[in-house]
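Work through the exercises below with the model open. Try each task before reading its solution.

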Amino acid sequence: MKSLDIHKSEYLKQFKDQTYGRNLFRTQEEERLDAPNEECGIFGLYSDNDLDTFSLSQFGLFALQHRGQEACGISVLKDGKITNMKDEGLVLDVYKDIQEPETFMGNSAIGHTRYTTAGDKKKYNFQPFFAKNEYDQIILSIAHNGNLTNAKELKAELEAEGVVFRATSDSEVILRLIQKNLDLGLRGAIKATMEKIEGAYSVVGMTRNKFFAFRDFNGIRPLVLGAIDEKSYVVASESVALDAVGAQYVRDILPGEIIYTNENEPGKLHSYMMDEAKGKQRICSFEYIYFARPDSTLENINVYEIREKSGEKIWEQAPVDADVVIGVPDSGVPAAIGFSKASGIPFRPVLIKNRYIGRSFIVPTQEMRERVVNLKLNPIISEIKDKRVVIIDDSIVRGTTSKRLVKILKDAGVKEIHFRSVSPPIIAPCYLGIDTPSKDDLISANMSTEELKNYLGVDSLEFLSTDNLKEILGSSNHCFGCFTEEYPVGKGEEVDLFN
(Lines give C-alpha, C1' and ligand atoms only; values in the text may rest on other atoms or scores of the structure.)
Protein backbone atom coordinates (compact mmCIF):
# COMPACT_ATOMS: atom_id res chain seq x y z
CA MET A 1 0.00 0.00 0.00
CA LYS A 2 2.89 2.33 0.70
CA SER A 3 4.01 2.12 -2.91
CA LEU A 4 0.53 3.20 -4.05
CA ASP A 5 0.72 6.26 -1.81
CA ILE A 6 4.09 7.12 -3.33
CA HIS A 7 2.63 6.79 -6.81
CA LYS A 8 -0.23 9.10 -5.85
CA SER A 9 2.10 11.70 -4.38
CA GLU A 10 4.44 11.68 -7.36
CA TYR A 11 1.57 11.72 -9.81
CA LEU A 12 0.02 14.85 -8.33
CA LYS A 13 3.28 16.66 -7.68
CA GLN A 14 4.24 16.71 -11.35
CA PHE A 15 1.36 19.04 -12.29
CA LYS A 16 2.50 21.85 -9.98
CA ASP A 17 4.97 23.06 -12.57
CA GLN A 18 4.04 21.15 -15.74
CA THR A 19 0.93 21.22 -17.84
CA TYR A 20 -1.52 18.38 -17.35
CA GLY A 21 -2.16 16.12 -20.33
CA ARG A 22 -5.12 13.79 -20.46
CA ASN A 23 -4.80 10.81 -22.80
CA LEU A 24 -1.32 11.17 -24.23
CA PHE A 25 -1.89 8.41 -26.77
CA ARG A 26 -4.06 10.74 -28.79
CA THR A 27 -2.34 12.54 -31.62
CA GLN A 28 -3.13 16.23 -32.08
CA GLU A 29 -5.51 15.36 -34.90
CA GLU A 30 -7.27 12.75 -32.79
CA GLU A 31 -7.78 15.19 -29.94
CA ARG A 32 -10.31 16.79 -32.22
CA LEU A 33 -11.85 13.49 -33.32
CA ASP A 34 -11.41 10.84 -30.65
CA ALA A 35 -11.98 12.75 -27.45
CA PRO A 36 -14.61 14.88 -25.74
CA ASN A 37 -12.60 18.05 -26.09
CA GLU A 38 -11.97 20.76 -23.56
CA GLU A 39 -14.50 23.47 -22.96
CA CYS A 40 -12.27 26.46 -22.07
CA GLY A 41 -10.88 27.81 -18.84
CA ILE A 42 -11.67 31.19 -17.31
CA PHE A 43 -9.85 33.17 -14.65
CA GLY A 44 -10.55 36.45 -12.89
CA LEU A 45 -8.72 38.52 -10.29
CA TYR A 46 -9.83 41.63 -8.42
CA SER A 47 -8.16 43.66 -5.69
CA ASP A 48 -8.67 47.00 -3.99
CA ASN A 49 -4.92 47.48 -4.50
CA ASP A 50 -2.66 47.25 -7.53
CA LEU A 51 -1.24 43.75 -8.05
CA ASP A 52 1.14 42.09 -10.48
CA THR A 53 -1.84 41.12 -12.62
CA PHE A 54 0.49 40.25 -15.51
CA SER A 55 2.18 37.45 -13.57
CA LEU A 56 -0.80 36.31 -11.53
CA SER A 57 -3.08 35.98 -14.56
CA GLN A 58 -0.32 34.06 -16.33
CA PHE A 59 0.03 31.64 -13.39
CA GLY A 60 -3.72 31.14 -13.14
CA LEU A 61 -4.21 30.52 -16.85
CA PHE A 62 -1.20 28.18 -16.99
CA ALA A 63 -2.89 26.06 -14.31
CA LEU A 64 -5.96 25.91 -16.58
CA GLN A 65 -4.03 25.16 -19.78
CA HIS A 66 -5.55 21.67 -20.00
CA ARG A 67 -8.96 23.26 -20.61
CA GLY A 68 -7.93 24.88 -23.89
CA GLN A 69 -4.80 25.05 -26.00
CA GLU A 70 -5.90 26.93 -29.12
CA ALA A 71 -5.66 30.49 -27.86
CA CYS A 72 -5.23 32.63 -24.77
CA GLY A 73 -6.24 36.16 -23.84
CA ILE A 74 -6.45 38.64 -20.96
CA SER A 75 -8.07 41.96 -20.12
CA VAL A 76 -6.52 44.12 -17.40
CA LEU A 77 -8.06 47.08 -15.55
CA LYS A 78 -5.76 49.90 -14.46
CA ASP A 79 -6.79 53.42 -13.46
CA GLY A 80 -10.20 53.02 -15.05
CA LYS A 81 -8.79 51.80 -18.37
CA ILE A 82 -9.18 48.26 -19.75
CA THR A 83 -6.39 46.86 -21.93
CA ASN A 84 -6.96 43.67 -23.90
CA MET A 85 -4.58 41.17 -25.47
CA LYS A 86 -5.30 37.80 -27.08
CA ASP A 87 -3.55 35.53 -29.53
CA GLU A 88 -3.29 32.00 -30.82
CA GLY A 89 -1.10 29.59 -28.87
CA LEU A 90 -0.39 28.24 -25.40
CA VAL A 91 -0.45 30.49 -22.35
CA LEU A 92 3.31 30.79 -21.88
CA ASP A 93 3.88 31.43 -25.59
CA VAL A 94 1.28 34.20 -25.73
CA TYR A 95 2.62 35.91 -22.60
CA LYS A 96 6.18 35.61 -23.90
CA ASP A 97 5.25 37.80 -26.85
CA ILE A 98 4.04 40.66 -24.65
CA GLN A 99 6.71 43.36 -25.05
CA GLU A 100 5.66 45.66 -22.21
CA PRO A 101 4.40 43.65 -19.19
CA GLU A 102 3.86 46.84 -17.19
CA THR A 103 0.96 47.63 -19.55
CA PHE A 104 -0.87 44.67 -18.00
CA MET A 105 -0.28 45.62 -14.36
CA GLY A 106 -3.41 46.82 -12.57
CA ASN A 107 -5.96 45.95 -9.91
CA SER A 108 -8.15 43.55 -11.89
CA ALA A 109 -7.70 41.02 -14.68
CA ILE A 110 -9.73 38.38 -16.47
CA GLY A 111 -8.35 35.67 -18.75
CA HIS A 112 -9.36 32.78 -20.98
CA THR A 113 -7.80 29.66 -22.44
CA ARG A 114 -9.74 28.63 -25.50
CA TYR A 115 -11.02 25.50 -27.06
CA THR A 116 -13.67 25.96 -29.76
CA THR A 117 -17.19 24.89 -28.80
CA ALA A 118 -19.14 27.43 -30.84
CA GLY A 119 -17.84 29.68 -33.58
CA ASP A 120 -14.87 29.13 -35.84
CA LYS A 121 -11.17 29.50 -35.08
CA LYS A 122 -10.65 33.03 -36.35
CA LYS A 123 -8.84 35.45 -34.07
CA TYR A 124 -12.00 37.53 -33.65
CA ASN A 125 -13.45 34.58 -31.70
CA PHE A 126 -10.62 34.54 -29.17
CA GLN A 127 -11.58 35.73 -25.70
CA PRO A 128 -11.97 37.86 -23.64
CA PHE A 129 -14.61 39.66 -25.69
CA PHE A 130 -14.94 43.38 -25.16
CA ALA A 131 -17.29 46.25 -25.98
CA LYS A 132 -16.26 49.85 -26.69
CA ASN A 133 -17.92 53.21 -26.34
CA GLU A 134 -18.11 55.96 -28.95
CA TYR A 135 -14.64 57.13 -27.91
CA ASP A 136 -13.11 53.75 -28.79
CA GLN A 137 -12.56 52.93 -25.11
CA ILE A 138 -13.23 49.43 -23.76
CA ILE A 139 -16.08 49.66 -21.27
CA LEU A 140 -16.88 45.97 -20.76
CA SER A 141 -14.95 42.70 -21.10
CA ILE A 142 -16.02 39.11 -20.44
CA ALA A 143 -14.68 35.55 -20.61
CA HIS A 144 -17.15 32.66 -20.97
CA ASN A 145 -16.96 28.91 -20.50
CA GLY A 146 -19.93 26.92 -21.77
CA ASN A 147 -22.41 26.92 -24.62
CA LEU A 148 -25.70 28.73 -25.13
CA THR A 149 -28.49 26.69 -26.64
CA ASN A 150 -30.59 29.66 -27.76
CA ALA A 151 -27.77 31.89 -29.04
CA LYS A 152 -28.94 31.85 -32.64
CA GLU A 153 -32.37 33.30 -31.92
CA LEU A 154 -30.97 35.85 -29.46
CA LYS A 155 -28.40 36.98 -32.01
CA ALA A 156 -31.19 37.46 -34.59
CA GLU A 157 -33.22 39.52 -32.07
CA LEU A 158 -30.26 41.75 -31.26
CA GLU A 159 -29.36 42.24 -34.91
CA ALA A 160 -32.94 43.27 -35.60
CA GLU A 161 -32.46 45.97 -32.95
CA GLY A 162 -29.33 47.20 -34.73
CA VAL A 163 -26.66 45.46 -32.63
CA VAL A 164 -23.57 44.67 -34.72
CA PHE A 165 -21.75 41.39 -34.08
CA ARG A 166 -18.03 41.13 -34.77
CA ALA A 167 -17.50 37.42 -34.02
CA THR A 168 -19.25 34.11 -34.65
CA SER A 169 -19.21 32.88 -31.06
CA ASP A 170 -22.17 32.48 -28.73
CA SER A 171 -20.10 34.24 -26.07
CA GLU A 172 -20.58 37.55 -27.88
CA VAL A 173 -24.33 37.22 -27.36
CA ILE A 174 -23.69 37.42 -23.60
CA LEU A 175 -21.45 40.45 -24.07
CA ARG A 176 -23.95 42.34 -26.23
CA LEU A 177 -26.88 41.61 -23.91
CA ILE A 178 -24.98 42.96 -20.91
CA GLN A 179 -23.83 45.96 -22.93
CA LYS A 180 -27.37 46.65 -24.13
CA ASN A 181 -28.71 46.69 -20.56
CA LEU A 182 -25.96 48.61 -18.76
CA ASP A 183 -28.37 51.49 -18.16
CA LEU A 184 -29.97 49.16 -15.58
CA GLY A 185 -26.71 49.11 -13.63
CA LEU A 186 -24.25 46.24 -13.76
CA ARG A 187 -26.27 43.85 -11.61
CA GLY A 188 -29.45 44.72 -13.49
CA ALA A 189 -27.72 44.16 -16.83
CA ILE A 190 -26.46 40.73 -15.77
CA LYS A 191 -29.86 39.84 -14.35
CA ALA A 192 -31.58 40.81 -17.62
CA THR A 193 -29.02 38.75 -19.54
CA MET A 194 -29.47 35.65 -17.39
CA GLU A 195 -33.22 35.88 -17.85
CA LYS A 196 -32.72 35.62 -21.62
CA ILE A 197 -29.89 33.14 -22.17
CA GLU A 198 -30.23 29.36 -21.92
CA GLY A 199 -27.67 26.58 -21.72
CA ALA A 200 -24.40 26.33 -19.83
CA TYR A 201 -22.36 29.35 -18.86
CA SER A 202 -19.80 30.41 -16.31
CA VAL A 203 -18.75 34.00 -16.93
CA VAL A 204 -16.19 36.37 -15.45
CA GLY A 205 -15.93 40.01 -16.47
CA MET A 206 -15.17 43.64 -15.70
CA THR A 207 -16.23 47.16 -16.46
CA ARG A 208 -14.04 50.21 -15.97
CA ASN A 209 -14.82 50.21 -12.24
CA LYS A 210 -16.41 46.87 -11.39
CA PHE A 211 -15.62 43.13 -11.39
CA PHE A 212 -18.23 40.38 -11.71
CA ALA A 213 -18.85 36.68 -12.27
CA PHE A 214 -21.99 34.58 -12.67
CA ARG A 215 -23.06 30.99 -13.32
CA ASP A 216 -26.03 29.34 -15.02
CA PHE A 217 -29.03 28.06 -13.08
CA ASN A 218 -27.84 24.44 -13.30
CA GLY A 219 -24.19 25.09 -12.49
CA ILE A 220 -23.20 22.87 -15.41
CA ARG A 221 -19.77 24.41 -15.95
CA PRO A 222 -17.61 24.84 -12.85
CA LEU A 223 -16.70 28.15 -11.20
CA VAL A 224 -14.89 28.57 -7.88
CA LEU A 225 -14.19 31.56 -5.66
CA GLY A 226 -11.00 32.19 -3.70
CA ALA A 227 -9.34 34.99 -1.74
CA ILE A 228 -5.74 36.18 -1.56
CA ASP A 229 -6.56 38.53 1.33
CA GLU A 230 -9.56 40.43 2.68
CA LYS A 231 -9.74 42.73 -0.35
CA SER A 232 -8.35 40.52 -3.15
CA TYR A 233 -10.50 37.88 -4.83
CA VAL A 234 -9.99 35.22 -7.48
CA VAL A 235 -12.57 33.40 -9.63
CA ALA A 236 -11.61 30.43 -11.81
CA SER A 237 -12.87 27.32 -13.57
CA GLU A 238 -10.96 25.09 -11.16
CA SER A 239 -9.41 25.36 -7.71
CA VAL A 240 -5.90 24.62 -9.09
CA ALA A 241 -5.87 28.16 -10.49
CA LEU A 242 -6.42 29.47 -6.97
CA ASP A 243 -3.47 27.43 -5.75
CA ALA A 244 -1.33 28.80 -8.56
CA VAL A 245 -1.78 32.41 -7.40
CA GLY A 246 -1.66 31.77 -3.66
CA ALA A 247 -5.39 32.19 -3.08
CA GLN A 248 -7.39 30.21 -0.54
CA TYR A 249 -10.47 28.36 -1.76
CA VAL A 250 -13.60 29.99 -0.32
CA ARG A 251 -16.46 28.15 -2.05
CA ASP A 252 -18.01 27.35 -5.40
CA ILE A 253 -20.12 30.06 -6.97
CA LEU A 254 -23.70 28.82 -6.75
CA PRO A 255 -25.99 28.01 -9.67
CA GLY A 256 -27.84 31.21 -10.57
CA GLU A 257 -25.54 33.41 -8.46
CA ILE A 258 -24.03 36.76 -9.45
CA ILE A 259 -21.01 38.10 -7.57
CA TYR A 260 -19.86 41.65 -8.16
CA THR A 261 -18.05 44.65 -6.73
CA ASN A 262 -19.42 48.13 -6.18
CA GLU A 263 -17.32 51.22 -6.82
CA ASN A 264 -18.75 52.79 -3.65
CA GLU A 265 -17.41 49.98 -1.45
CA PRO A 266 -13.90 49.15 -2.72
CA GLY A 267 -12.66 45.70 -1.85
CA LYS A 268 -16.08 44.33 -0.90
CA LEU A 269 -17.62 41.49 -2.88
CA HIS A 270 -21.40 41.27 -3.12
CA SER A 271 -23.59 38.26 -3.92
CA TYR A 272 -27.02 38.17 -5.53
CA MET A 273 -29.09 35.04 -6.13
CA MET A 274 -31.29 35.25 -9.20
CA ASP A 275 -33.92 32.72 -8.14
CA GLU A 276 -33.09 30.18 -5.44
CA ALA A 277 -36.02 27.98 -6.44
CA LYS A 278 -34.73 27.85 -10.00
CA GLY A 279 -31.11 27.14 -9.09
CA LYS A 280 -30.17 23.45 -9.19
CA GLN A 281 -26.82 21.73 -9.00
CA ARG A 282 -26.21 19.80 -12.23
CA ILE A 283 -22.45 20.12 -12.70
CA CYS A 284 -21.04 18.06 -15.59
CA SER A 285 -20.07 14.59 -14.36
CA PHE A 286 -17.38 14.38 -17.02
CA GLU A 287 -15.46 17.11 -15.20
CA TYR A 288 -14.59 14.50 -12.58
CA ILE A 289 -13.88 11.68 -15.01
CA TYR A 290 -11.81 13.54 -17.56
CA PHE A 291 -11.74 17.33 -17.82
CA ALA A 292 -10.62 18.70 -14.49
CA ARG A 293 -7.06 18.48 -13.27
CA PRO A 294 -6.71 15.70 -10.68
CA ASP A 295 -5.60 18.09 -7.93
CA SER A 296 -8.75 20.21 -8.34
CA THR A 297 -11.71 20.29 -5.98
CA LEU A 298 -15.13 20.98 -7.52
CA GLU A 299 -18.30 21.32 -5.44
CA ASN A 300 -16.26 20.12 -2.41
CA ILE A 301 -15.40 16.87 -4.21
CA ASN A 302 -11.75 16.05 -4.82
CA VAL A 303 -11.22 15.00 -8.44
CA TYR A 304 -8.35 12.60 -7.72
CA GLU A 305 -10.39 10.75 -5.11
CA ILE A 306 -13.29 10.30 -7.54
CA ARG A 307 -10.94 8.86 -10.17
CA GLU A 308 -9.32 6.50 -7.71
CA LYS A 309 -12.74 5.39 -6.47
CA SER A 310 -13.83 4.77 -10.07
CA GLY A 311 -10.99 2.25 -10.40
CA GLU A 312 -12.01 0.56 -7.17
CA LYS A 313 -15.63 0.45 -8.27
CA ILE A 314 -14.97 -1.03 -11.71
CA TRP A 315 -12.94 -3.79 -10.06
CA GLU A 316 -15.96 -4.48 -7.85
CA GLN A 317 -18.23 -4.36 -10.91
CA ALA A 318 -16.04 -6.42 -13.26
CA PRO A 319 -13.22 -8.34 -11.51
CA VAL A 320 -10.64 -10.20 -13.59
CA ASP A 321 -7.54 -12.34 -13.03
CA ALA A 322 -4.46 -10.46 -14.24
CA ASP A 323 -0.78 -9.86 -13.50
CA VAL A 324 -0.42 -6.09 -14.02
CA VAL A 325 -2.62 -2.98 -13.99
CA ILE A 326 -1.63 0.01 -16.13
CA GLY A 327 -3.31 3.36 -16.71
CA VAL A 328 -3.18 5.64 -19.74
CA PRO A 329 -1.36 8.83 -18.66
CA ASP A 330 -2.43 11.16 -17.35
CA SER A 331 -6.16 10.78 -16.73
CA GLY A 332 -6.25 6.97 -16.47
CA VAL A 333 -3.55 6.64 -13.81
CA PRO A 334 -5.57 7.43 -10.64
CA ALA A 335 -8.22 4.88 -11.65
CA ALA A 336 -5.51 2.30 -12.31
CA ILE A 337 -4.13 2.92 -8.82
CA GLY A 338 -7.63 2.48 -7.39
CA PHE A 339 -8.14 -0.74 -9.35
CA SER A 340 -4.83 -2.04 -8.03
CA LYS A 341 -5.67 -1.08 -4.46
CA ALA A 342 -9.01 -2.91 -4.60
CA SER A 343 -7.82 -5.98 -6.49
CA GLY A 344 -4.31 -6.51 -5.14
CA ILE A 345 -3.03 -6.72 -8.71
CA PRO A 346 0.16 -4.64 -8.89
CA PHE A 347 0.02 -1.25 -10.58
CA ARG A 348 2.97 -0.52 -12.84
CA PRO A 349 3.58 2.87 -14.54
CA VAL A 350 4.86 1.16 -17.67
CA LEU A 351 3.74 3.77 -20.22
CA ILE A 352 6.60 6.25 -20.16
CA LYS A 353 5.93 9.73 -21.50
CA ASN A 354 8.35 12.14 -23.09
CA ARG A 355 7.88 15.39 -21.16
CA TYR A 356 9.62 17.48 -23.79
CA ILE A 357 7.43 16.66 -26.74
CA GLY A 358 5.31 19.47 -28.15
CA ARG A 359 1.89 19.38 -29.71
CA SER A 360 2.95 20.66 -33.11
CA PHE A 361 4.51 17.77 -35.01
CA ILE A 362 3.73 18.26 -38.69
CA VAL A 363 4.13 14.99 -40.57
CA PRO A 364 2.78 14.33 -44.07
CA THR A 365 1.98 10.60 -43.96
CA GLN A 366 -0.25 8.39 -41.83
CA GLU A 367 2.65 6.03 -41.15
CA MET A 368 4.69 8.84 -39.63
CA ARG A 369 1.69 10.13 -37.67
CA GLU A 370 1.41 6.69 -36.09
CA ARG A 371 5.02 6.91 -34.98
CA VAL A 372 4.42 10.21 -33.21
CA VAL A 373 2.40 8.27 -30.64
CA ASN A 374 5.48 6.28 -29.65
CA LEU A 375 7.39 9.51 -29.21
CA LYS A 376 4.78 10.57 -26.67
CA LEU A 377 4.42 7.26 -24.82
CA ASN A 378 6.53 4.15 -24.95
CA PRO A 379 5.91 0.92 -22.99
CA ILE A 380 8.45 -0.82 -20.78
CA ILE A 381 8.20 -4.16 -22.55
CA SER A 382 9.89 -6.21 -19.83
CA GLU A 383 7.10 -5.26 -17.39
CA ILE A 384 4.24 -6.50 -19.57
CA LYS A 385 5.60 -9.14 -21.98
CA ASP A 386 3.82 -12.46 -21.55
CA LYS A 387 1.64 -10.89 -18.83
CA ARG A 388 -2.12 -10.60 -18.39
CA VAL A 389 -2.69 -6.85 -18.40
CA VAL A 390 -5.60 -4.68 -17.27
CA ILE A 391 -5.54 -1.34 -19.07
CA ILE A 392 -7.53 1.48 -17.49
CA ASP A 393 -8.63 4.45 -19.59
CA ASP A 394 -10.94 7.36 -18.84
CA SER A 395 -13.32 6.78 -21.76
CA ILE A 396 -13.82 5.36 -25.24
CA VAL A 397 -15.19 7.86 -27.75
CA ARG A 398 -14.60 6.84 -31.38
CA GLY A 399 -12.44 3.84 -30.46
CA THR A 400 -9.53 4.65 -32.77
CA THR A 401 -7.11 5.56 -29.97
CA SER A 402 -8.16 2.56 -27.90
CA LYS A 403 -7.55 0.28 -30.87
CA ARG A 404 -4.06 1.70 -31.36
CA LEU A 405 -3.31 1.25 -27.66
CA VAL A 406 -4.29 -2.40 -27.89
CA LYS A 407 -2.00 -2.84 -30.89
CA ILE A 408 0.94 -1.29 -29.01
CA LEU A 409 0.38 -3.69 -26.11
CA LYS A 410 0.09 -6.69 -28.43
CA ASP A 411 3.29 -5.66 -30.22
CA ALA A 412 4.96 -5.58 -26.79
CA GLY A 413 4.05 -9.26 -26.29
CA VAL A 414 1.18 -8.95 -23.81
CA LYS A 415 -0.54 -12.29 -23.21
CA GLU A 416 -4.05 -11.02 -22.38
CA ILE A 417 -5.61 -7.54 -22.50
CA HIS A 418 -8.55 -6.63 -20.29
CA PHE A 419 -9.84 -3.14 -21.08
CA ARG A 420 -11.70 -1.07 -18.47
CA SER A 421 -13.27 2.33 -19.10
CA VAL A 422 -14.04 4.31 -15.97
CA SER A 423 -16.77 6.27 -17.68
CA PRO A 424 -20.05 4.76 -18.84
CA PRO A 425 -20.48 4.30 -22.60
CA ILE A 426 -20.66 7.70 -24.33
CA ILE A 427 -23.78 7.46 -26.47
CA ALA A 428 -24.73 11.09 -27.09
CA PRO A 429 -23.07 14.41 -27.95
CA CYS A 430 -22.85 17.30 -25.50
CA TYR A 431 -24.60 20.59 -26.30
CA LEU A 432 -23.49 22.35 -23.14
CA GLY A 433 -19.88 23.34 -23.64
CA ILE A 434 -18.04 20.17 -24.60
CA ASP A 435 -17.07 19.37 -28.17
CA THR A 436 -17.97 15.72 -28.72
CA PRO A 437 -18.32 13.94 -32.08
CA SER A 438 -21.75 13.42 -33.58
CA LYS A 439 -23.75 10.38 -32.53
CA ASP A 440 -22.83 8.61 -35.75
CA ASP A 441 -19.16 8.77 -34.70
CA LEU A 442 -19.64 7.67 -31.07
CA ILE A 443 -18.71 4.02 -31.16
CA SER A 444 -20.78 3.01 -28.10
CA ALA A 445 -23.86 4.51 -29.73
CA ASN A 446 -23.40 2.15 -32.66
CA MET A 447 -21.91 -1.03 -31.16
CA SER A 448 -22.77 -3.27 -28.24
CA THR A 449 -20.06 -3.89 -25.63
CA GLU A 450 -19.47 -7.33 -27.11
CA GLU A 451 -19.12 -5.92 -30.63
CA LEU A 452 -16.73 -3.26 -29.37
CA LYS A 453 -14.68 -5.89 -27.53
CA ASN A 454 -14.23 -7.76 -30.78
CA TYR A 455 -13.45 -4.56 -32.69
CA LEU A 456 -10.71 -3.63 -30.22
CA GLY A 457 -9.40 -7.21 -30.11
CA VAL A 458 -9.31 -7.49 -26.32
CA ASP A 459 -10.05 -10.43 -24.05
CA SER A 460 -12.62 -8.51 -22.01
CA LEU A 461 -14.16 -5.05 -21.97
CA GLU A 462 -16.20 -3.31 -19.30
CA PHE A 463 -17.55 0.21 -18.76
CA LEU A 464 -18.33 1.72 -15.39
CA SER A 465 -22.10 1.76 -15.04
CA THR A 466 -23.98 5.05 -14.71
CA ASP A 467 -25.43 3.87 -11.39
CA ASN A 468 -21.94 3.22 -10.04
CA LEU A 469 -20.78 6.61 -11.26
CA LYS A 470 -23.66 8.23 -9.37
CA GLU A 471 -22.72 6.25 -6.28
CA ILE A 472 -19.10 7.43 -6.48
CA LEU A 473 -20.17 11.06 -6.93
CA GLY A 474 -22.56 10.73 -4.01
CA SER A 475 -25.69 11.95 -5.81
CA SER A 476 -27.60 12.16 -9.06
CA ASN A 477 -27.27 15.97 -9.07
CA HIS A 478 -24.99 16.09 -12.07
CA CYS A 479 -25.36 16.25 -15.82
CA PHE A 480 -25.05 12.75 -17.30
CA GLY A 481 -26.26 13.72 -20.77
CA CYS A 482 -23.47 12.10 -22.78
CA PHE A 483 -24.24 8.76 -21.07
CA THR A 484 -28.05 8.95 -20.91
CA GLU A 485 -29.05 11.45 -23.63
CA GLU A 486 -31.03 13.28 -20.94
CA TYR A 487 -29.92 16.88 -20.39
CA PRO A 488 -30.76 19.39 -17.65
CA VAL A 489 -31.74 21.95 -20.31
CA GLY A 490 -33.06 21.73 -23.85
CA LYS A 491 -30.31 21.07 -26.37
CA GLY A 492 -31.43 23.67 -28.88
CA GLU A 493 -30.94 23.37 -32.59
CA GLU A 494 -28.49 20.75 -33.76
CA VAL A 495 -26.82 23.16 -36.19
CA ASP A 496 -23.84 25.46 -36.14
CA LEU A 497 -25.05 28.51 -34.26
CA PHE A 498 -24.14 31.14 -36.80
CA ASN A 499 -24.35 29.39 -40.17
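**Exercise 1. Is Ser331 buried or exposed, given its relative accessibility?**

Solution. The model is predicted. Start with the value: Ser331 has 1% relative accessibility. Next, take the cut-off: buried means under 20% relative accessible area. Ser331 therefore counts as buried. Now place it in the chain. Ser331 sits in the loop between strand E17 (324-327) and helix H11 (333-343).

**Exercise 2. Find the side chain with which Ser331 makes a polar contact, and describe that partner.**

Solution. The contact runs from the side chain of Ser331 to the side chain of Asp394, at 2.5 Å. Check its accessibility: Asp394 has a relative accessible area of 0% and is buried.

**Exercise 3. Which residues does the UniProt annotation "binding site" cover, and why can they be said to gather at one spot?**

Solution. First, read the record. The unreviewed UniProt entry gives the annotation "binding site" to Ser331, Asp393 and Asp394. They span 64 residues in sequence. Then check space: no two of their C-alpha atoms are more than 7.4 Å apart, so they gather at one spot.

**Exercise 4. Classify the aromatic pair of Tyr201 and Phe214, and state what it ties together.**

Solution. The structure holds ten aromatic pairs. In the pair of Tyr201 and Phe214, the ring centres are 6.0 Å apart and the planes make an angle of 65°. Planes over 60 degrees apart count as edge-to-face. This pair is therefore edge-to-face. Now look at the strands. Tyr201 lies in strand E7 (residues 199-207) and Phe214 in strand E8 (residues 211-215), so the pair ties together parts that are 13 residues apart in sequence. Both Tyr201 and Phe214 are buried.

**Exercise 5. Classify the aromatic pair of Phe212 and Phe214.**

Solution. The centres lie 6.3 Å apart, with 15° between the planes. Planes under 30 degrees apart count as stacked. The pair of Phe212 and Phe214 is therefore stacked. Phe212 is buried, as is Phe214.

**Exercise 6. Which residues do ring pairs link into a cluster?**

Solution. Trace the ring pairs. The cluster consists of Phe286, Tyr290, Phe291 and Phe483.

**Exercise 7. Over which rings do Arg187 and Lys403 lie?**

Solution. Take Arg187 to begin with. Arg187 lies over the face of Tyr272, 4.3 Å from the ring centre. Turn to Lys403. The charged end of Lys403 sits over the ring of Tyr455, at 4.4 Å from its centre.

Note on methods:
Residues are numbered from 1 along each chain as its sequence is written. This is a predicted model: local features need pLDDT of at least 70, side-chain atom pairs count only at pLDDT 80 or more; totals for chains, interfaces and linings use all residues. Side-chain values use heavy atoms; hydrogens and water are left out. Rings of Phe, Tyr and Trp (its six-membered ring) pair if their centres lie within 6.5 Å; planes under 30 degrees apart count as stacked, over 60 as edge-to-face and the rest as tilted. Helices (H or I, at least four residues) and strands (E, at least two) are DSSP runs, numbered from the N terminus. Buried means under 20% relative accessible area, exposed over 50%, partly exposed in between (1.4 Å probe, protein chains only). A charge sits over a ring if NZ of Lys or CZ of Arg is within 6 Å of the ring centre and within 35 degrees of the ring normal. UniProt positions are given in the numbering used here, feature names are shortened, and annotations may be inferred rather than shown by experiment. A polar contact is a pair of N or O atoms within 3.5 Å; within protein, one must be able to donate a hydrogen and the other to accept it, and residues adjacent in sequence count only if both atoms are side-chain atoms.
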